[in-house]
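Here are my notebook entries from a first look around. Follow along with the model open beside you.

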Amino acid sequence: MSAQLSADHETRVTTLEAFADTIIPGARRSDQDRAVAGASPTGGAVAAGAMELIHWDATGISQSLDGYARALNEHAREFAQQHGLDLDGDVPPFVALGFEQRTDLVRVLTAPGHPDKALWVLLSLFCYMAYDSAAHTGTAAALAAGHPGLTSMRLAAPGADGLWRFPSWSYGRQLADLHPGTTDTGSPA
Amino acid sequence: MNSVERTDVLVVGTGFGGAIAAYHLAAGGARVVMLERGPWLTAADYDHDFKLGSSYTRLFDFTVGDGMSVLGGNCVGGGSVVYFAAMPRAPRFVFERRGSVNRRMWPSSITRDTLDPWYDRVAESIAITRQGWDDVSYSGGLWAAACRHAGRTANPVPAAVDTAACTNCNWMMAGCRFDAKQSLLLNYLPAALAHGAAIRPLHEVQSIARNPDGGYRVHYQLVDAEDYRITAGEGSIDAEVVVLAAGAAATPVILQRSAAALGPMPHAVGRYFSGNGERLNTAVLNEERVREVLGLELDPAAFQIGKGPTVANWDRLDGSLPEYTRFSLEQLYFPPGLGTILALTGGQDPRWFGLEKKELLSHWQKWLIIFQMIEDDNEGVFGPPPARGNADRVSQQMLGLGTLSYKPTLNTQAAWAMADAECKDILERDGLATVTPWTNDLVGAYTVHPLASCRIGDDPRTSALDDRHELRGHPGIFVTDGSAVPAALTVNPAMTISALAERAVPAIVRAARERGVDVRYGAPAPDGSTAGRRGTAPLVPALGG
């Protein structure tokens with residue numbers, strides 16, 4: 001990889017990581033981590049696998065990631081101008097924004113009426129899928145590996161055969177009176 | 001030489017509308033071919049897995065429109081494989097609805113009384129359990145107790161579930177691994193196959209043309225088994241009669257695309273779409289208050305059973321109330337990955353993403369989801385059809401962009417607001433929970449029960465089908481899926497879609513006979529039972545049977 005290509009790749013990855021971390025924030029991976037802002041003490045979308053998921057061609061957005069990163073950085077530059085911010089040139093503009101500023105910008109991009117709203121919602125959807133369902137990997141394996149999203153949501157582990165069953169499911173007693181119009185099929189009248 | 005395959009009856013779609021029609025026609029002696037755009041999976045194939053490409057994503061389609069998104073089945077068995085199997089009959093007042101057209105929307109020939117025998121036929125064919133309180137999930141029990149605490153009633157919901165076989169696995173929406181859910185794969189479809197019908201999965205119907213002999217030619221494309229964005233060939237089948245049952249988000253699109261070859265479609269094709277008035281509220285329960293006020297414990301392990309609905313509140317299903325003020329509130333619970341993005345944090349500045357939302361997700365086991373079904377205003381309209389199928393596919397499965405546009409009217413918005421307020425009144429009473437509706441701002445309103453995009457009715461200006469489900473101006477084409485249902489039902493629609501499909505069969509049989517097909521009406525239920533047939537026999541002559 002040439003130096004320019006490598007730099008472009010780095011820009012794309014950190015920009016998209018910063019976006020995913022705005023959707024579901026996580027803990028910094030190191031003291032030098034700029035993309036993940038460190039707004040939360042536990043792993044967020046990035047740690048959950050958002051980058052792996054959006055780079056998978058099955059999602060349908062993997063070919064669009066350069067465009068996504070470029071647009072995010074353009075929007076970040078405009079945002080900085082509008083708000084009189086002096087962005088650190090060592091990192092891409094979106095990464096240079098603080099967490100609250102990234103949040104404000106994502107709210108603008110996904111607000112009803114924004115011309116590209118559908119695209120940003122789509123990218124957000126995959127960030128969610130990485131966190132709340134580990135869609136890039138098998139669910140049982142993700143749980144076994146301590147996937148941050150599934151673990152935080154306390155999804156129960158499967159049985160030995162890889163399947164879920166809940167032997168206890170009901171309070172087992174009548175908890176309300178039936179509607180007086182209920183027919184003998186159990187339907188409304 | 002004509003190499004195009006011929007059959008008597010071509011059925012598009014294998015969900016409730018398609019499977020029921022296909023069974024009766026095959027049992028009556030017709031040659032029947034069913035085309036299904038999704039894969040053909042059975043119990044052993046149903047993974048307990050959220051991974052993209054597992055059965056879970058292969059079975060579904062999520063179509064994003066402008067103001068409305070639709071989640072539907074995409075597999076042999078259609079919605080019956082992925083739904084929650086709630087099978088209530090629609091309340092009596094539904095059939096008298098007038099809506100914004102201010103005259104009866106349903107055909108005069110259909111009332112609850114005239115539909116009940118057809119409901120009975122379905123109940124004889126698909127094993128439906130009138131669930132008891134022992135079958136009610138923890139979340140359903142909690143909803144019942146909250147309703148009682150608020151002076152309301154609550155009902156276990158009739159469901160097509162063999163409760164003895166159910167393991168409460170949490171994966172009910174991903175097909176039933178244990179064959180507890182009585183999907184069409186266990187009744188109508190095997191019976192249709194036994195009578196010689198053929199099912200062709202991964203055949204996506206694109207359009208219909210008329211042949212010189214008055215029959216129809218149905219064009220399809222073959223869809224790759226793994227990546228639905230890819231097609232691998234195409235073909236055509238000739239048939240005397242076509243039964244369209246591709247679902248309310250796809251049937252009108254096929255007809256729109258066919259207009260070039262078939263001629264003009266009725267005005268109502270692709271219009272009057274209803275989302276069944278559906279909307280979700282998330283209640284975050286306060287464990288301590290639930291214990292103190294209701295005397296119930298939230299068992300964290302048990303409170304993630306993705307099963308439902310098991311309990312509904314029907315107090316507002318009161319025919320004496322004005323239209324748009326009647327609704328039901330049904331408890332749901334399902335695994336993550338199916339819309340958690342739409343849950344909003346509460347307070348002054350609700351958000352669907354960010355730090356507070358992450359916190360909300362971590363309390364997922366304390367969520368109680370309430371599913372409301374109001375009377376909406378049939379606002380949906382389909383735009384010009386996409387190049388193929390009913391959506392421009394984005395991901396290999398699951399996600400596509402459709403042309404449906406839905407701008408809720410003040411009637412619909414007011415009805416949702418009323419149902420939201422009722423959820424709050426019940427669940428925020430005495431601090432039991434904090435309730436917030438899901439946002440419509442991201443992907444629009446969201447329905448899992450699309451209806452009415454090609455509806456039956458007496459008025460040709462507002463209905464695409466006559467009361468026997470035949471497409472106006474196009475004899476020999478019938479529509480039997482949810483798109484034929486005229487309006488929102490205030491309850492889950494599968495039972496009504498099925499009863500209407502049963503009722504439509506005599507006229508389809510007659511049309512086939514008139515076209516020279518040697519077919520008779522009068523098959524028993526798929527398992528051979530005949531009580532339902534006896535019940536509907538007096539109604540059949542008026543339907544052409």
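**Entry one: a helix pair in chain A**

At what angle do helix α1 and helix α7 of chain A pack? I found an angle of about 75° between α1 (residues 3–23) and α7 (residues 117–133), with the axes 9 Å apart. Axes here are lines fitted to C-alpha atoms, for helices over the stretch in contact, and angles run from 0 to 180 degrees between N-to-C directions. That angle makes α1(A) roughly perpendicular to α7(A), a label for 65 to 115 degrees. Helices are DSSP runs (H or I, at least four residues), strands are runs of E (at least two), and both are numbered from the N terminus.

I noted that this is a predicted model, where local features need pLDDT of at least 70 and side-chain atom pairs count only at pLDDT 80 or more, while totals for chains, interfaces and linings use all residues. Residues are numbered from 1 along each chain as its sequence is written, chains are lettered from A and ligands numbered from 1 in the order in which they are written, and side-chain values use heavy atoms, with hydrogens and water left out.

Next I listed who meets whom: L16(A), F19(A), A20(A) and I23(A) of α1(A) make the contact with W120(A), L123(A), S124(A), C127(A) and Y128(A) of α7(A). Contact means heavy atoms within 4.5 Å. By class, I have eight nonpolar residues, one polar and no charged ones. Nonpolar covers Ala, Val, Leu, Ile, Met, Phe, Trp, Tyr, Cys and Pro; charged covers Asp, Glu, Lys and Arg; the others, Gly among them, are polar.

**Entry two: a helix pair in chain B**

I then turned to α1 (residues 16–27) and α11 (residues 494–514) of chain B, whose axes come within 9 Å and cross at roughly 35°. On the α1(B) side I saw residues including F16(B), I20(B) and L25(B), and on the α11(B) side residues including A494(B), I497(B) and V505(B). The contact has 10 nonpolar, three polar and one charged residues.

Which residues have the most contacts inside the largest nonpolar core? They are L25(B), L142(B), I208(B) and L427(B), in a core of 240 residues. α11(B) gives the most to this core, with 13 residues. Such a core is a set of buried Ala, Val, Leu, Ile, Met, Phe, Trp, Tyr and Cys residues joined through side-chain atoms within 4.5 Å. Buried means under 20% relative accessible area, exposed over 50%, and partly exposed in between (1.4 Å probe, protein chains only).

R112(B) sits in helix α4 (residues 112–125) of chain B, and it is buried at a relative accessible area of 4%. Its contacts beyond four places in sequence include T183(A), S187(A), P188(A) and A189(A), as well as R89(B) and Y119(B).

M87(B), in the loop between α3 (79–82) and α4 of chain B, is buried at 1%. I found S187(A) among its contacts too, along with F16(B) and A494(B).

Most residues other than glycine have a negative phi, and most peptide bonds are trans. I looked for exceptions. The bond from G308(B) to P309(B) is cis, with omega near 0°. N168(B) has a positive phi near 50°, and Y324(B) has one of about 75°. N168(B) is buried at 3%, and Y324(B) is buried at 13%.

How values were computed. Parallel < 35°, antiparallel > 145°, perpendicular 65-115°, else oblique.
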